[in-house]
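Biologist: I would like to learn how to read a structure, feature by feature. Can you take me through one?

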Amino acid sequence: MNTLRLLRRNFDHGVHPAHLKQQTEDLSIQRVPFVSHYVMPLGQHIGVPCKSVVEVGERVERGQLIAKPGGFVSTALHSPVTGTINEIGDFRGADGQFAPAIQIAADPYATQQLGSSGGIDWQPLSLEEFIGAVQMAGIVGMGGAAFPSHVKFSVPDGIKIRHLLINGAECEPYLTNDHRLMVERPEDLLLGAEIVRQKLGAEETIIGVEENKPEAIEILGQHIQPEQSVRVVPMQVKYPQGAEKMLIKTVFDKEVPAGQLPRDVEVCVNNVGTIVAIADYFLRGVPSIERIVTVSGPGASYPANLIVPLGTPVREVLRFCGGLKDETREVIMGGPMMGRPTASLDVPVLKGTSGILAFTDAETARPQEYPCIRCGRCLEACPYFLNPSRFARLARARMYDEMEQYSVMDCVECGCCTFACPSHIPIVQLIRTGKDALRASKEQPE
Amino acid sequence: MKQKDPDLLLLHAPLLRQGMTTPSAMRDVLYALTPATLAALWFFGLGALLVLAAGIAGAVLTEWFFARLQKRGETLLDASAILTGLLLGLTLPPGLPLWIAFLGGVVAIGLGKVIWGGLGHNLFNPALLGRAFLLATFPIPMTTWTSLRGDESFFHISASNLALPFMQTKVDVVSSASPLGLMKFEQEVTPLTNLMFGNTLGSLGETSGLLLLLGGIYLWVRRDLDWRIPVSILLAVVVFSGCLTLVDAVRFPTPWFSIFSGGLLLGAIYMATDPVTSPLTPRGTWIFGIGIGVLVVLIRVYGGLPEGVMYAILLMNAATPLIDRYTQPRIFGR
């Protein structure tokens, strides 16, 4: 094992789902037409929701600021479309909860051209000005977590970022949005990376790409100039290769200590989509108003990679793709391993929506659950070396405090355990129950 | 576009799963045991088939009875009762009265599995618990090794097989000692080729070493088996008995004899690897396997019995929860 590791570094454990990207990996990104209504939730990122700065009935231009950050761990929101503010109120989200959002009625006669004049001269900006600009551009992690990017760039005194690591692993099956971005916009990706690298004062940029995307690896390699300190690192196809800490383990052979962040090992990790969004803002003045979404899955009639304005209802995106097949039973926002199901197709595409996947009876059939036979496959799968079978047992017995003793909070809910379980025990789902209960008990002491 | 929303399910990710299931893993073990089982039938004749059938019937009927009692239908579907019955049957002597084999199956499932809470909850290997019960209750028939079929017809059934329930436990048959018995009590070594191909006396499934290994390789390829357990058991036996052989080659058996004689391969590949009763952690499985290997040699060489695999595995089964507790892996980043 150790000799193998010398040949190629990797993280330990993990699983090997079929990558199922064939449907969309060769399809060029295309733009979704504008629709009549857009819903922009104020809390579509991790952290404090933003605060609306518009009134009902006000006319907004595409790209205009409609909500300002509600705090430091918060970000700005821009109108994805030229039109009028229709309503500011509570709208149902994908999780079924009502949350404050701004609804915009698109002006059907507007040209939808960006009002912004062009790029921003980023060279003279200080790090603080750069961080402020990223926050006001509304840029968050586009991989799915939607963590405000400027927070990642704000490093406390005494910590130095030496490596900018760009996450092009895209380890979730079906998704090809990052893949297409690397293939179609390598110049923007490399320019965005250069901006971030220079502002952070990092020594080098590393782009980690899974080996099932040889086209992306080749094209990026062709575009790297010899004088640039950029490396493309091909990585083994293994889930969850794209999890931040696993990526760092693979590329640098370093473990980020539990409870700490990548910056504590001098690394800043950003998704490919985030870096391109930064390039869009500093080179063309386009804030975060649209994103690339992969529509795929066995229930999708015409799978596609799409540029979708934020706030577009999922129903309209699916309509553009020829609708859902009759046998569709479930729609997931995000990847099939970590995404969230949605009960309504009226929910909007958000900054963190990397995919819209439709699944049929074959995938949603609940297989007969058998007792745990202690086979240990979940232990072999867990990239954090936890004991998922014990968590599942404790969660069923509602012994949440015991779960915490066994470090359940280190779990990132990657779903490897459920994937690996031959008894079809919903392990990660039980773990989520336990973690939710623990968080609830912390927030409301008796 | 058709309205889909009312039909949408909200099952949480991951929706994808790898293909193996618990019943398919159980079936794989059954397939892996098939060659060795067929060899046993060839060497011992129809009587052997009846003993296996009686063991399996006892196990399956008991499982069915308790499943009905608990109103849980699924426990029969997972094939684990058939596997327990087959494993028990393979540890029995071919001339055993059928009703004893049946009783063994009943005890294996009843005391070995159901009272613990069913599949996945038992501390001891059910098949071995059944065998331990039989060895304690019926020591003479359990250690009477009938001779090989030889020139007899395949359909010849030994009279001892058909003994009346609870009336006769002992029937006079032509019998002799197993290779381990010969070694222990008479220092007579059975040729290695006989041990490997299976034409020696012994329990049904323990005679053909090569076919058992073949099945083990199949399970390893199918990833149904933790290779560390058989490897560590066999390594421990080879090293320990090798040291003893170096001291006195006449009194102590060679490592190769130790591996291919008795139930060691059957136990190491198919019983010690029972996931329910073996440790979860990789380090734990090494400790578990080495413990079994050392105990096997100790019991065989110094104990009162010629064979010790069953007790070695049962003893280490008892240690499994403790081993698990002290060999928890380090958590990532801690």
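This is a predicted model: local features need pLDDT of at least 70, side-chain atom pairs count only at pLDDT 80 or more; totals for chains, interfaces and linings use all residues.

Biologist: Is A:Gly119 buried, partly exposed or exposed?

Modeller: The relative accessible area of A:Gly119 is 44%, so A:Gly119 is partly exposed. The cut-offs matter here: buried means under 20%, and exposed means over 50%.

Biologist: Where in chain A is A:Gly119?

Modeller: A:Gly119 sits in a loop of chain A, between β8 (98–106) and α2 (127–136).

Biologist: Which residues is A:Gly119 in contact with, leaving aside neighbours within four places in sequence?

Modeller: They are A:Phe282, A:Leu283, A:Arg284 and A:Gly285. Now take a distance. A:Gly119 and A:Gln444 are 325 residues apart along the chain, and 47 Å separates their C-alpha atoms.

Biologist: Let me try another glycine. Where does A:Gly242 lie?

Modeller: Look in the loop between β11 (230–235) and α7 (244–252) of chain A. A:Gly242 has 19% relative accessibility, so A:Gly242 counts as buried. Beyond neighbours within four places in sequence, A:Gly242 is in contact with A:Asn167, A:Ala169 and A:Cys171. From A:Gly242 to A:Ile427 is 185 residues in sequence and 21 Å in space, C-alpha to C-alpha.

Biologist: Which peptide bond in chain A is cis, with omega near -5 degrees?

Modeller: The bond from A:Tyr239 to A:Pro240. A:Pro240 is in the loop between β11 and α7 of chain A. Chain B has a cis bond too, from B:Ala13 to B:Pro14, with omega near 0 degrees. B:Pro14 falls in the segment before α1 (22–44) of chain B.

Biologist: And phi?

Modeller: A:Glu266 is not a glycine, yet its phi is positive, about 65 degrees. A:Glu266 is in the loop between α7 and β12 (267–271) of chain A. With a relative accessible area of 27%, A:Glu266 is partly exposed.

Biologist: What is phi for A:Ser407?

Modeller: Phi of A:Ser407 is near 65 degrees, again positive in a residue other than glycine. This serine, A:Ser407, is in the loop between α13 (400–405) and α14 (416–420) of chain A. A:Ser407 counts as buried, at 12% relative accessibility.

Biologist: Now a whole helix. How many of the eight residues of helix α4 (residues 177–184) of chain A are buried?

Modeller: Seven of the eight, so α4 of chain A is largely enclosed by the rest of the structure. Among the buried ones are A:Asn177, A:Asp178, A:His179 and A:Arg180.

Biologist: How do I describe two helices that pack together?

Modeller: Two packed helices are described by the angle between their axes and the distance between the axes. In chain B, helix α10 (residues 228–247) packs with helix α12 (residues 264–271) at an angle of about 150 degrees, and their axes are 8 Å apart. That makes α10(B) roughly antiparallel to α12(B).

Biologist: Which residues make the contact?

Modeller: From α10(B), they are B:Ile229, B:Pro230, B:Ile233, B:Leu234 and B:Val237; from α12(B), they are B:Leu264, B:Leu265, B:Ala268 and B:Ile269. The contact of α10(B) with α12(B) has nine nonpolar residues, no polar and no charged.

Biologist: How many aromatic pairs does a search of the whole structure find?

Modeller: Ten, over all chains. One is A:Tyr384 with B:Phe332: 5.2 Å centre to centre and 70 degrees between the planes, which is edge-to-face. A:Tyr384 lies in the loop between α11 (377–381) and α12 (388–396) of chain A, and B:Phe332 in the segment after α14 (309–326) of chain B, so the pair joins two chains. A:Tyr384 counts as buried at 6% relative accessibility, and B:Phe332 counts as buried at 3%.

Biologist: Which residues do ring pairs link into a cluster?

Modeller: A:Phe130, A:Phe153, A:Tyr281 and A:Phe282.

Conventions
Residues are numbered from 1 along each chain as its sequence is written. Chains are lettered from A and ligands numbered from 1 in the order in which they are written. Side-chain values use heavy atoms; hydrogens and water are left out. Axes are lines fitted to C-alpha atoms, for helices over the stretch in contact, and angles run from 0 to 180 degrees between N-to-C directions. Helices (H or I, at least four residues) and strands (E, at least two) are DSSP runs, numbered from the N terminus. Angles under 35 degrees count as roughly parallel, over 145 as roughly antiparallel, 65 to 115 as roughly perpendicular and the rest as oblique. Contact means heavy atoms within 4.5 Å. Ala, Val, Leu, Ile, Met, Phe, Trp, Tyr, Cys and Pro count as nonpolar, Asp, Glu, Lys and Arg as charged, and the others, Gly among them, as polar. Rings of Phe, Tyr and Trp (its six-membered ring) pair if their centres lie within 6.5 Å; planes under 30 degrees apart count as stacked, over 60 as edge-to-face and the rest as tilted. Buried means under 20% relative accessible area, exposed over 50%, partly exposed in between (1.4 Å probe, protein chains only).
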